[in-house]
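Dear colleague,

Please find below the structure that I am handing over to you.

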Amino acid sequence: MARRYDTRTTTFSPDGRLFQVEYAMEAISHAGTAVGVLAKDGVVLAAEKKVTSKLLEGKASSEKMYRVDQHIACAVSGITSDANIVVNYARLTAQRYLYQYQEPTPIENLVQTVCDLKQGYTQFGGLRPFGVSFLYAGWDKHHGYQLYKSDPSGNYGGWKATSAGSGHQAATSILKSDYKDDIDMKGALKLATKVLSKTMDSTSLDHEKLEYAILTRRQDEVVFKMLSDKEIDDLIASVDLKEEEKKEKEKEKENESKPWPQK
């Protein structure tokens with residue numbers, strides 16, 4: 001049945017589905033995991049780097065984290081070439097707003113404008129959806145620190161903690177159980193590390209496989225910082241992953257030993 005309706009993005013199937021958009025989301029599910037955590041004093045973005053070959057020379061710039069404006073950054077999961085197009089459009093949109101109104105663009109306003117472009121690519125013939133999901137982190141004077149997630153359909157939403165990519169479901173369940181509203185930046189970094197350690201295929205974590213970025217405010221200015229290789233290794237060392245696993249197993253045993261409620 002799907003084959004009759006998946007050749008164009010503009011054709012709905014009888015049960016109301018757009019298969020090309022679903023296929024774009026499926027492409028993201030094969031990409032490296034990206035995690036965003038909203039803390040009371042900033043936003044943490046973390047992502048898994050897919051190392052395809054040891055012979056590949058490392059990039060001087062980040063392949064997963066982008067700075068959109070002075071007060072906005074994003075992490076991507078999906079097709080990097082598609083991400084470059086959307087990020088350039090977002091940067092241009094932010095500068096146009098700044099030029100026109102002489103103030104930085106509100107975060108949600110920018111996310112909505114970018115998502116309008118993405119939605120257009122699902123509605124007109126001859127175009128295909130962007131195969132990439134974005135996690136936007138930012139600060140503005142209207143709502144403070146914010147974290148948004150958008151997908152290829154053009155939908156977006158605000159989140160306290162979220163993820164995208166291959167380990168999305170496992171990451172979401174960990175974030176649901178471990179996230180606290182009063183979490184600080186240090187706790188958010190450790191939580192992101194724990195999530196990536198559970199969702200990645202690799203048994204050992206190091207700076208070659210992970211990227212971290214933080215967005216916070218210092219002296220009334222928004223600061224975006226990529227963590228250095230040493231800082232990433234120090235962070236991983238500070239999170240005792242084996243101890244975390246031990247605690248989780250103890251929790252599971254406690255839950256199993258509890259009697260079932262009587263009807």
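How many helices and how many strands are there in the protein? The model, which is a predicted one, contains seven helices and ten strands. Of its 263 residues, 44% count as buried. Among contacts between residues at least 6 apart in sequence, 61% join residues at least 24 apart.

I begin with the sheet. Five strands form an open sheet in the order β8-β1-β2-β9-β10, and their pairing is antiparallel. At the edges stand β8, residues 161-164, and β10, residues 221-226, each of which pairs on one side only. On average, neighbouring strands of this sheet are turned by 10° against each other, with direction ignored. Within the sheet, β1 (residues 34-39) and β2 (residues 42-48) are antiparallel partners joined over six bridges. Opposite Gly-36 stands Leu-45 in β2.

Two helices lie across strands of this sheet. Helix α5, which covers residues 185-199, lies across β1, β2 and β9 (210-218), and its direction makes an angle of about 20° with β2. Helix α6, residues 229-238, lies across β9 and β10 and runs at about 95° to β9.

How are α5 and α6 placed relative to each other, parallel or perpendicular? Their axes come within 10 Å and cross at roughly 80°. An angle of 65 to 115 degrees counts as roughly perpendicular, and α5 and α6 are therefore roughly perpendicular to each other. Where they meet, α5 contributes Leu-189, Lys-190 and Thr-193, while α6 contributes Leu-235, Ile-236 and Ser-238.

Next, the charged pairs. A search of the whole structure finds nine salt bridges. One of them joins the side chains of Asp-82 and Arg-128, with an N to O distance of 2.9 Å. This pair links distant parts of the chain, 46 residues apart: Asp-82 belongs to helix α2 (residues 80-101), and Arg-128 to the loop between α3 (107-120) and β5 (132-140). Asp-82 is buried, with a relative accessible area of 7%, whereas Arg-128 is partly exposed at 47%.

A further salt bridge connects Lys-160 with Asp-181, their closest N and O atoms being 3.2 Å apart. Here too the pair links distant parts of the chain, 21 residues apart: Asp-181 is in the loop between α4 (168-178) and α5, and Lys-160 is in the loop between β7 (156-158) and β8. Is Asp-181 buried or exposed? Its relative accessible area is 57%, so Asp-181 counts as exposed, the cut-off being over 50%. Lys-160, at 48% relative accessibility, counts as partly exposed.

The side chains of Lys-194 and Asp-178 also meet in a salt bridge, at 2.3 Å from N to O. Because Lys-194 lies in helix α5 and Asp-178 in helix α4, the pair ties together parts that are 16 residues apart in sequence. Lys-194 is buried at 7% relative accessibility, and Asp-178 is partly exposed at 22%.

As to disulfides, the search of the whole structure finds zero. Among the cysteines, Cys-74 is buried at 1% relative accessibility, and Cys-115 is likewise buried, with a relative accessible area of 2%.

Finally, I draw your attention to one tryptophan. Trp-139 has its place in strand β5. With a relative accessible area of 21%, Trp-139 is partly exposed; the cut-off for a buried residue is under 20%. Which residues are in contact with Trp-139, leaving aside its neighbours within four places in sequence? They are His-71, Ile-107, Gly-144, Tyr-145, Leu-215, Arg-217 and Val-222.

Yours sincerely

Terms used:
Residues numbered from 1 in each chain as written. Predicted model: local features only at pLDDT ≥ 70, side-chain atom pairs only at ≥ 80, totals over all residues. Heavy atoms only, no water. Pairing = 2+ DSSP bridges. Helix = DSSP H or I, 4+ residues; strand = E, 2+ residues; numbered from the N terminus. Axes fitted to C-alpha atoms, helices over the stretch in contact; angles between N-to-C directions. Contact = heavy atoms within 4.5 Å. Salt bridge = Lys/Arg side-chain N within 4 Å of Asp/Glu carboxyl O. Buried < 20%, exposed > 50% of the residue type's maximum accessible area, 1.4 Å probe, protein only. Disulfide = S-S within 2.5 Å. Parallel < 35°, antiparallel > 145°, perpendicular 65-115°, else oblique.
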